[in-house]
Each structure stands twice: as structure tokens, then as C-alpha cells.
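Please have the sequence and the model at hand while reading.

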Amino acid sequence: MYQYRQVLLHMWQGDSDRDIARSGLMGRAKAAAVRTLAQQHGWLDTQTPLPADEALAAVFAMTARPTSTLSTLESLNDMKQQISRSPW
């Protein structure tokens, strides 16, 4: 959540998505998506404090991407075995 809070702080101070990307916090496309969400929730209003971490976590809920433990080449395993058995 620290990264999102930092990005929101930069946006709150008037930095553009390009400035945020240049700082290395996140890319321009993701910064634009965060800006859209922040505007929808009213977080860029300088008269209000930044939201609590719990509010950020609810909006930017990180879902774990499924990782595959099988090789993408697993389907070629039969071919590999046939080649290794060939008498060449």
C-alpha cells in the first residue's frame, strides 16, 4: 500500500502521470488507472487528507496471479522421449 500512497501523494501535489512514471513509482498506464480510481473516490481533493491504508487496501486489493508449476513444454515430453529412444 505504500506505493499507492506515494503515488496518491504525488498526484495530490499536482504531478502528472508522466512525472510519476519518471520518478519510478509506477508506469504511466497504471498511474492513469490509479488517478481514475482516486478521482472517483475523491482522494485528490487537497482539502481532505489522504485515505487510511485500510481504504486503499479495499480499493487496490491485490489478487495473486495463478502461477503454473507445469512447464509449457510438458506437452512435448512424449516427443523428447521418442527422440531419445531413436537409434541414430
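Against which helices do the buried residues of α1 pack? They pack against α2, α3 and α4, where buried means under 20% relative accessible area, exposed over 50% and partly exposed in between, with a 1.4 Å probe and protein chains only. The buried residues of α1 are Tyr4, Gln6, Val7, Leu8 and Met11. Just after α1, glycine 14 takes a positive phi of about 100°.

## Basis of the model

This is a predicted model, in which local features need pLDDT of at least 70, side-chain atom pairs count only at pLDDT 80 or more, and totals for chains, interfaces and linings use all residues. Residues are numbered from 1 along each chain as its sequence is written, and side-chain values use heavy atoms, with hydrogens and water left out.

The pLDDT is the predictor's confidence in each residue, from 0 to 100. Its average over the chain is 85, and 88% of the residues score at least 70. Where pLDDT is low, the predicted coordinates should not be read in detail.

## Overall architecture

The chain contains 5 helices and 0 strands; helices (H or I, at least four residues) and strands (E, at least two) are DSSP runs, numbered from the N terminus. Along the sequence the pattern is α-α-α-α-α.

Of the 88 residues, 19% count as buried. The accessible surface of the chain comes to about 6700 Å², and carbon and sulfur atoms account for 55% of this area; such areas come from the Shrake-Rupley method with a 1.4 Å probe, and for residues only the protein chains shown count as cover. A contact means heavy atoms within 4.5 Å. Among contacts between residues at least 6 apart in sequence, 46% join residues at least 24 apart.

## The nonpolar core

A nonpolar core is a set of buried Ala, Val, Leu, Ile, Met, Phe, Trp, Tyr and Cys residues joined through side-chain atoms within 4.5 Å. The largest one here has 13 residues, and those with the most contacts inside it are Leu8, Met11, Met26 and Val34. Two or more residues come from each of α1 and α3, with α1 giving the most, 4 residues.

Leucine 8 touches Val34, Ala38, Trp43, Leu44, Leu50, Pro51 and Leu56, not counting residues up to four places away in sequence.

## Aromatic pairs

The structure holds 2 aromatic pairs. Rings of Phe, Tyr and Trp (its six-membered ring) pair if their centres lie within 6.5 Å; planes under 30 degrees apart count as stacked, over 60 as edge-to-face and the rest as tilted. The rings of tyrosine 4 and phenylalanine 60 are stacked, because their centres are 4.1 Å apart and their planes at 5°. Tyrosine 4 lies in helix α1 (residues 2-12) and phenylalanine 60 in the loop between α4 (53-59) and α5, so the pair ties together parts that are 56 residues apart in sequence.

The rings of tryptophan 43 and phenylalanine 60 have centres 6.1 Å apart and planes at 55°, so this pair is tilted. Tryptophan 43 belongs to the loop between α3 and α4, 17 residues from phenylalanine 60.

## Arginine 35

Arginine 35 lies in helix α3 (residues 28-41) and is buried, with a relative accessible area of 17%. Its side chain makes a polar contact with the side chain of aspartate 17 (2.9 Å). A polar contact is a pair of N or O atoms within 3.5 Å; within protein, one must be able to donate a hydrogen and the other to accept it, and residues adjacent in sequence count only if both atoms are side-chain atoms.
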